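Work through the two exercises below with the sequence and the structure in view. Try each task before reading its solution.

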Amino acid sequence: MSDDRSLSREVTCTVNGVKRAATVSVRRTLADFLRHDLGLTGTHLGCEHGVCGACTVLVDGRAVRGCLMLAVQAEDRAVTTVEGLAPDAASLHPLQAAFARHHALQCGFCTPGMLTTLVEFLAEVPEPTPTQVREAISGNLCRCTGYEPIVTATLEAAAAMRGQAA
Ligand code: FES
Ligand code: FES
């Protein structure tokens, strides 16, 4: 008979700049850890098997599927969720502000995953073409927008971020 304690582990990581520690089942996904243990429900779960991109978060700056990574794999890593992209509603990330301006979300279900995916993308490709933006979000499904406003918003945000960096 298995010992239940052996199925749990302590995980310590930094989430949105704050050190967090919890005891989790070794089978707990990162997405469930964020949502259920830390209350960060901005990370959404759609397919739960790596297809839709709704659960995308940044781990050490890289976009990962929160439904495919285990919470224990986040040990000593830095996780950024959509809640960590801006300090408050009055100081939105340029991508968030551009999404709002261009109606790049309707139901908003895909939006946290879109934003985290695009944060990583724009860090690597600060001056993208529309085609590059479409490729970047090709693993993120949106049932509402038809994607075009997302592409427009991303191009505008990229220009704003280049302006800030200049
Ligand atoms: S919920 Fe993770 S990719 Fe769909
Ligand atoms: S805004 Fe509804 S799924 Fe993208």
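The model is predicted, so local features need pLDDT of at least 70 and side-chain atom pairs count only at pLDDT 80 or more, while totals for chains, interfaces and linings use all residues. Residues are numbered from 1 along each chain as its sequence is written, chains are lettered from A and ligands numbered from 1 in the order in which they are written, and side-chain values use heavy atoms, without hydrogens and water.

**Exercise 1.** Find the pairing partners of strand β1 and state the sense of each pairing.

Solution. 
1. Helices (H or I, at least four residues) and strands (E, at least two) are DSSP runs, numbered from the N terminus. Two strands pair if DSSP finds at least two bridges between them.
2. β1 (residues 8–15) pairs with β2 (residues 18–25) in the antiparallel sense, over 8 bridges. Here Thr-14 faces Lys-19 of β2.
3. The hairpin of β1 and β2 has 2 residues between the strands, and Asn-16 takes a positive phi near 50°.
4. β1 also pairs with β5 (residues 78–80), in the parallel sense over 2 bridges.

**Exercise 2.** Describe how helices α3 and α5 cross, and list the residues in contact.

Solution. 
1. The axes (lines fitted to C-alpha atoms over the stretch in contact, with angles from 0 to 180 degrees between N-to-C directions) of α3 (residues 111–124) and α5 (residues 148–165) come within 11 Å and cross at roughly 45°.
2. Angles under 35 degrees count as roughly parallel, over 145 as roughly antiparallel, 65 to 115 as roughly perpendicular and the rest as oblique. α3 and α5 are therefore oblique to each other.
3. Contact (heavy atoms within 4.5 Å) involves Met-114, Leu-118 and Leu-122 of α3 with Ile-150, Thr-154, Ala-158 and Met-161 of α5.
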